[in-house]
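Good morning, everyone. Let me put the structure up, and then we will walk through it piece by piece.

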Amino acid sequence: MSMSHTREYLPIDKTHTDSGATGGGSLLATVIMQPKLKQITWYWEDKTKIINDVDFDLDYQSLINEQKKSTNTTHWLTAHFSYNPPFTSGHTPENFYKTYYRTFHKSDWILDPNPLLGFVRKFELPDDIDNDNRQLKIDLDYSIKKLKERRNIIVYKEDIRHMAAQWFYGGGRYNKNIPEHEFVTTTYDRINIARKYPAAIKNFLIRNDVPYEMFSLDTGDYRTIGFDKLFPRRCTDNIDTLIPMHVKEKVEKWVDDYMVLYP
């Protein structure tokens, strides 16, 4: 089984990055992981880099258990798994979409299909999908054709409280240099955007006659979508937090307030 995603990366040297094709200071790249070949392949601009001898055969449960004993804020997986972009600057060419055939032909799992459909803006993503407002030039007919040949799974959360807490712990991008209230309200906005996404992409697939399935991250059986080696559900909760301990202690109150404002 191989996996891939196409997404924006922020190069170290932002002064030489493209501010047009990807919407401001970031570079579009495709990453394809092929565990059987022990390879990770990066595609960006007109360049390719293959990383060989990647050890995918990790004892993930031991890594999770080890991280639970640590106060390290490094992600439990990336702490043991090199995943750094092989570039420090660059630009996204207008015809980058012509590399998408690699994603469709080499990947069993496509983790982030949005750029394959022309959408890359994170905070406006549901609205862009609803309005067919693309930031990337693509061959839409080709992408739709390839999606129709695949099994398309839309994941969603039923437990919104749990979702909100995880956004604070791992997705809120805490920055000690911004006011705390700004961090909280920004995270609320990001949670709301994430809640809108499943309906937006569902309607997009319906408009384009693409078959899809809905899958609950809270109650769905992962074996039905191709996984047979399962971890206990939520076993990684609170172990890859990106916020310091003194802030982590406030999350429950922030989530309480969120649930009142956005039930």
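How many salt bridges does the count come to? It comes to 18 salt bridges, where a salt bridge is a side-chain nitrogen of Lys or Arg within 4 Å of a carboxyl oxygen of Asp or Glu. Now the ground rules. This is a predicted model, so local features need pLDDT of at least 70, side-chain atom pairs count only at pLDDT 80 or more, and totals for chains, interfaces and linings use all residues. Residues are numbered from 1 along each chain as its sequence is written, and side-chain values use heavy atoms, with hydrogens and water left out.

Let's look at some pairs. Side chains of opposite charge can pair when their charged atoms come close. Glu 45 and Lys 47 form a salt bridge, 2.4 Å from N to O. Glu 45 is buried, at 13% relative accessible area. Lys 47 is partly exposed, at 37%. Those words have cut-offs: buried is under 20% relative accessible area, exposed is over 50%, and partly exposed is in between, with a 1.4 Å probe and protein chains only.

Next pair. Lys 146 and Glu 149 meet in a salt bridge at 2.9 Å, N to O. Lys 146 is buried at 11%, while Glu 149 is exposed at 51%.

Third pair. Arg 151 and Glu 213 meet at 2.5 Å, N to O, in a salt bridge. This pair links distant parts of the chain, 62 residues apart. Arg 151 sits in the loop between helix 4 (140-148) and strand 6 (153-156), and Glu 213 is in strand 7 (residues 213-216). Helices (H or I, at least four residues) and strands (E, at least two) are DSSP runs, numbered from the N terminus. Arg 151 is partly exposed at 46%. Glu 213 is partly exposed too, at 30%. There is also a network: salt bridges with shared partners join Lys 157, Asp 159, Asp 218 and Arg 234.

On to the inside. Which residues have the most contacts inside the largest nonpolar core? They are Tyr 100, Leu 117, Ile 129, Ile 201 and Phe 204, in a core of 23 residues. A nonpolar core is a set of buried Ala, Val, Leu, Ile, Met, Phe, Trp, Tyr and Cys residues joined through side-chain atoms within 4.5 Å. Helix 2 (100-106), helix 3 (125-130), helix 4 and helix 6 (180-207) each supply at least two residues of this core. Helix 6 gives the largest share, five residues.

In helix 1 (residues 60-68), Leu 63, Ile 64 and Gln 67 are buried. They lie on the same side of helix 1, because they cover an arc of only 100° around the axis. That arc is taken over the directions from the helix axis to the C-beta atoms. In helix 8 (residues 251-261), the buried residues include Val 251, Trp 254, Val 255 and Tyr 258. Again the arc is only 100°, so they share the same side of helix 8.

Last stop: backbone angles. Lys 38 is not a glycine, yet has a positive phi of about 55°. Lys 38 lies in the loop between strand 2 (27-34) and strand 3 (39-44), and is partly exposed at 47%. Asp 132, not a glycine either, has a positive phi of about 50°. Look for Asp 132 in the loop between helix 3 and helix 4. Asp 132 is partly exposed, at 36%.
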